[in-house]
Amino acid sequence: MSKLKVGIIGGTGMVGQRFISLLENHPWFEVVSIAASANSAGKTYEQAAGSRWKLSAPMPDSVKNIVVRDATAHVKEICAEVDFVFCAVDMKKDEIKKLEEEYAKNETPVVSNNSAHRWTPDVPMLIPEINSEHVKVIDSQRKRLGTKNGFIAVKPNCSIQSYVPALAPLLKFGIKNVVACTYQAISGAGKNFSDWPEMLDNVIPYIGGEEEKSEQEPLKIWGSVQNGEIVKAASPLITTQCIRVPVTDGHLAAVFISFENKPSKEEILKLWENYSGEPQSLQLPSAPKQFIKYFEEDNRPQTKLDRDIENGMGITAGRLREDHLYDYKFVCLSHNTIRGAAGGAVLMAEYLKAKGYIQAK
Ligand SMILES: NC(=O)c1ccc[n+]([C@@H]2O[C@H](COP(=O)([O-])OP(=O)(O)OC[C@H]3O[C@@H](n4cnc5c(N)ncnc54)[C@H](OP(=O)(O)O)[C@@H]3O)[C@@H](O)[C@H]2O)c1
């Protein structure tokens with residue numbers, strides 16, 4: 001099977017670098033095109049990103065000599081050489097909306113990490129284990145855009161990727177209220193400690209826009225498809241506080257939850273242990289074998305020890321116990337730039353390919 005040709009829009013950034021790294025030796029996808037801002041355009045990828053490379057794994061040789069294109073000025077050229085693109089750019093929301101639609105209208109599927117289209121009703125926002133059926137809306141999106149193959153699919157915010165998987169199998173008990181405090185790594189802001197030294201020995205109790213996303217996006221994930229659009233769920237009620245902590249990678253959440261019909265602790269643990277979705281049944285290359293792993297030890301999951309579980313694609317949970325104000329409390333963790341960003345998007349693309357939405361042009 002020949003590999004699908006992939007472009008990375010925003011390939012020089014933090015998430016873009018993760019894409020480059022995760023796609024090295026990917027069995028289905030091959031990076032053939034990289035785009036970024038006009039500042040990087042015309043340079044080889046090594047010249048544009050070499051001094052800013054933030055990952056511990058070295059830059060793959062296969063991409064070093066790719067000449068970076070201007071993502072906005074060279075849409076047609078990029079679309080002519082790829083089957084689909086991943087997109088993770090730092091631009092204004094309305095510019096990103098326009099840019100992503102342009103790629104889609106040039107018959108190039110866009111798998112996006114950006115928030116710009118998350119609330120467009122016919123754009124699916126996927127965690128493939130949880131709401132893969134939302135891909136159905138792509139048919140109506142294509143009609144709206146006037147495309148045969150082009151469309152946009154998005155990933156939700158990194159902050160929700162630990163607690164939404166843990167809550168999803170419990171919805172059947174009627175979740176009433178959720179309180180989630182997230183402790184978020186600095187890579188979530190595209191930074192490491194050398195370019196954000198103020199974060200050493202520090203905690204910042206504010207991440208712009210993050211709490212609204214963390215409270216609202218789960219409701220789209222749990223929404224239903226009606227007349228070619230996703231209608232968000234009305235419940236549960238979710239409130240959050242999102243806090244930046246001095247950690248390189250990994251977002252941890254402390255969660256409190258109350259139910260209409262309170263399950264036993266054993267029921268919750270069994271549902272977590274057995275929770276899987278289409279990525280597992282289709283054996284997609286990036287799917288974690290076990291989606292949620294629960295630790296019995298009181299001091300787990302720990303960000304540094306456990307973020308890389310299942311190659312950074314697994315969710316870990318621990319400290320599930322009864323609470324005197326809510327029914328239960330627990331902690332959970334996910335790797336923000338792998339499951340929460342590039343890895344989650346690669347899994348989405350694998351699912352979209354397996355279902356025939358992405359194919360060779
Ligand atoms: N970091 C995370 O954990 C995370 C998680 C989920 C979602 N996201 C989202 O992913 C996106 C990228 O985040 P990031 O952390 O990777 O940001 P970043 O490290 O700042 O990288 C931004 C990228 O956007 C490019 N860019 C900036 N202005 C551009 C323009 N006018 N035209 C084309 N490209 C332009 C940059 O190119 P140059 O190098 O040429 O400037 C760079 O490749 C954001 O929307 C963010 O919200 C991030």
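Biologist: How much area is buried between domain 1 and domain 2?
Modeller: About 3,000 Å², with carbon and sulfur atoms giving 64% of that. Keep in mind that this is a predicted model.

Biologist: Okay, and where are the domain bounds?
Modeller: Domain 1 is 4-157 + 342-354, and domain 2 is 158-334. Their C-alpha centres lie 24 Å apart. Domain 1 puts 37 residues into the contact and domain 2 puts in 40 residues.

Biologist: Which residues in domain 1 lose the most area to domain 2?
Modeller: W119, E129 and N157, and together they make up 26% of what that side buries.

Biologist: Switching to the core. Which residues of the largest nonpolar core touch the most other members?
Modeller: That core has 56 residues, and the ones you want are I9, Y103, I130, Y163, W222, W272 and F330.

Biologist: What does F330 touch, leaving out residues up to four places away in sequence?
Modeller: Its contacts include W272, L167, I257 and R319. There's also a second, separate core of 45 residues, with L23, V63, V68 and A349 among them.

Biologist: Now the ligand. Which of the 24 residues around the ligand come nearest?
Modeller: T12, M14, S37, S40 and R52. The side chain of R52 has an N or O atom 2.8 Å from a ligand oxygen.

Biologist: What about the backbone of V89 and of D90?
Modeller: V89 has a backbone N or O atom 3.1 Å from an oxygen of the ligand. For D90, a polar backbone atom is 3.0 Å from a ligand oxygen. Overall, the protein covers 79% of the 900 Å² of accessible area the ligand has on its own.

How values were computed:
Residues are numbered from 1 along each chain as its sequence is written. This is a predicted model: local features need pLDDT of at least 70, side-chain atom pairs count only at pLDDT 80 or more; totals for chains, interfaces and linings use all residues. Side-chain values use heavy atoms; hydrogens and water are left out. A nonpolar core is a set of buried Ala, Val, Leu, Ile, Met, Phe, Trp, Tyr and Cys residues joined through side-chain atoms within 4.5 Å. Buried means under 20% relative accessible area, exposed over 50%, partly exposed in between (1.4 Å probe, protein chains only). Contact means heavy atoms within 4.5 Å. A residue is near a molecule or strand if one of its heavy atoms lies within 4 Å of it. A polar contact is a pair of N or O atoms within 3.5 Å; within protein, one must be able to donate a hydrogen and the other to accept it, and residues adjacent in sequence count only if both atoms are side-chain atoms. Accessible areas come from the Shrake-Rupley method with a 1.4 Å probe; for residues, only the protein chains shown count as cover. Domain bounds come from an automatic or database domain assignment. Buried area is the accessible area (1.4 Å probe) that two parts lose on being put together, summed over both.
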